[in-house]
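Colleague: Hi! I'm new to this one, could you walk me through a few spots in it?
Modeller: Happy to, let me put it on screen.

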Amino acid sequence: MTPQLLTKPRDESVDLLRGVVIILMVLGHTERPELLKDFLSCFRMPLFVIVSGFFFKAREPFGVFFVKKLNRLVVPFMIYSFLNWLITLGIIAGWHPELMAKQLTRPVFILAGLEFNSALCSNLPLWFLTFLFSVSIVNFGIRKITRTHWQALLAAAVAAAAGTLLTRHISLAAVAERFGGNTTTLLLPYYLNGAMGACVLFWFGTLYFKVIRGWFAQLSKWQSVALMVACFGLYTLLFRYNCPPNTGTGFNPIDIRICAYGNNILLFYVLVALMFTAVTLACNLVGRIRIINYIGRNTNVVLIFNYPIKFLLYAAFPWIEPHWWLVTIIYVAASLPLIWLVNRYLPWTIGEKPIFKQEKVFSWLPFLRPKEVQAP
């Protein structure tokens, strides 16, 4: 058989789902109404974690897996975080020199895989890259010590409980207040504690091609529509119980970076499952929307340039800031040429062409080198 016949066709509905999720991320970073903010916060980033688990595999040696994730997630974070920091220094030097001392300490946190809301020009969405790196590494370990899905779920639940307890019972208020982080919780390097807390979500995503997609495929078109509407309606009725209205404190009760899951963690998982089902079924029914599918195949680029484009848009057209729907549409349109440019001329900055070769990394870190297979 020819290689073309052996290649599985691309699942367009998954690209559409990824595109919808990243557009929800963009929308979530606009000045949207409080009700919409709360409605999205209960599932937006958790859904991103679940979708990230769809293609997870732990069949290769850890060293090979580590280098792949290093190039795909950590390298883009480092490149664009340091680039953003240099641009910020230039802006501060000219207009806000009193903030310079605070910014000079920022490289320490970038090297630790952390991106905070700084005083000016932060690129906060980059946090998800190192967060996902940690989620992937932890789940690789879980896969290697478990044999069944249920054993993996138990190990993921233990990791999630440990990450949540660690986050909620250790405070670095003084450090966070000085450098712009959260003032009540601990952030380990590469958001390790938050990543541990997200292990159950990621585990759920790894089941999609193995179990969940088969369940959805057994439904007729009208059964899919009925289940989609029911899940969406139930979510609409329940989300307020886990995410009460903002009282002016500015605190977001749902933030997976710091293991904040609202009023009730079990209700949090139920709400995420409901919206995952509703959004996934909708994407399966539609199948393909060319522009959104294209965005779904290039989520790293969309994530990386979300804040820079937003800041430029607000600076050039201050009147547009309250019009969250227009900002989202303009960003989606602006991301299309950016995706082409980065893939064409800067693929190494988004992990498409690896900077770190396996042998080079193994020479630096010999313990990552896979053991040679012994000859019989």
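Colleague: Which residues is S224 in contact with, leaving aside its neighbours within four places in sequence?
Modeller: Those are L219, L281 and L285. Keep in mind that this is a predicted model.

Colleague: And where does S224 sit?
Modeller: You'll find S224 in helix α14, which covers residues 221-242.

Colleague: Is S224 buried or exposed?
Modeller: S224 is buried, because its relative accessible area is 6% and the cut-off for buried is under 20%.

Colleague: Okay, new topic. How many residues of helix α4 are buried?
Modeller: For α4, residues 44-52, the count is 8 of 9, so the helix is mostly covered. The buried ones are R44, M45, P46, L47, F48, V49, I50 and V51.

Colleague: What covers them?
Modeller: Several helices take part, including α2 (12-28), α3 (34-41), α8 (127-145), α12 (199-206), α15 (265-286) and α17 (299-304).

Colleague: What does F128 touch, not counting residues up to four places away in sequence?
Modeller: F128 touches M45, F48, V49, S52 and L303.

Colleague: Which residues have the most contacts inside the largest nonpolar core?
Modeller: F128 is one of them, along with F131 and Y235. That core has 110 residues. Helix α5 (residues 62-95) gives the most to this core, with 12 residues.

Colleague: Let's go back to α8. At what angle do α8 and α12 pack?
Modeller: The angle is about 70 degrees, and their axes are 10 Å apart. Since 65 to 115 degrees counts as roughly perpendicular, α8 and α12 are therefore roughly perpendicular to each other.

Colleague: Which residues make that contact?
Modeller: From α8 you have L132, V135, S136, V138, N139, I142 and R143. The α12 side brings C199, F202, W203 and T206.

Colleague: And how does the contact of α8 with α12 split by class?
Modeller: There are 7 nonpolar, 3 polar and 1 charged residues in it.

Colleague: Why does R106 count as buried?
Modeller: Because its relative accessibility is 8%, and under 20% is what buried needs.

Colleague: What does the side chain of R106 make a polar contact with?
Modeller: Its partner is the side chain of E115, at 2.7 Å.

Colleague: Great, thanks for the tour!

Note on methods. Residues numbered from 1 in each chain as written. Predicted model: local features only at pLDDT ≥ 70, side-chain atom pairs only at ≥ 80, totals over all residues. Heavy atoms only, no water. Buried < 20%, exposed > 50% of the residue type's maximum accessible area, 1.4 Å probe, protein only. Helix = DSSP H or I, 4+ residues; strand = E, 2+ residues; numbered from the N terminus. Contact = heavy atoms within 4.5 Å. Polar contact = N/O pair within 3.5 Å; in protein donor to acceptor, adjacent residues only side chain to side chain. Core = buried A, V, L, I, M, F, W, Y, C linked by side-chain atoms within 4.5 Å. Axes fitted to C-alpha atoms, helices over the stretch in contact; angles between N-to-C directions. Parallel < 35°, antiparallel > 145°, perpendicular 65-115°, else oblique. Nonpolar A, V, L, I, M, F, W, Y, C, P; charged D, E, K, R; others polar.
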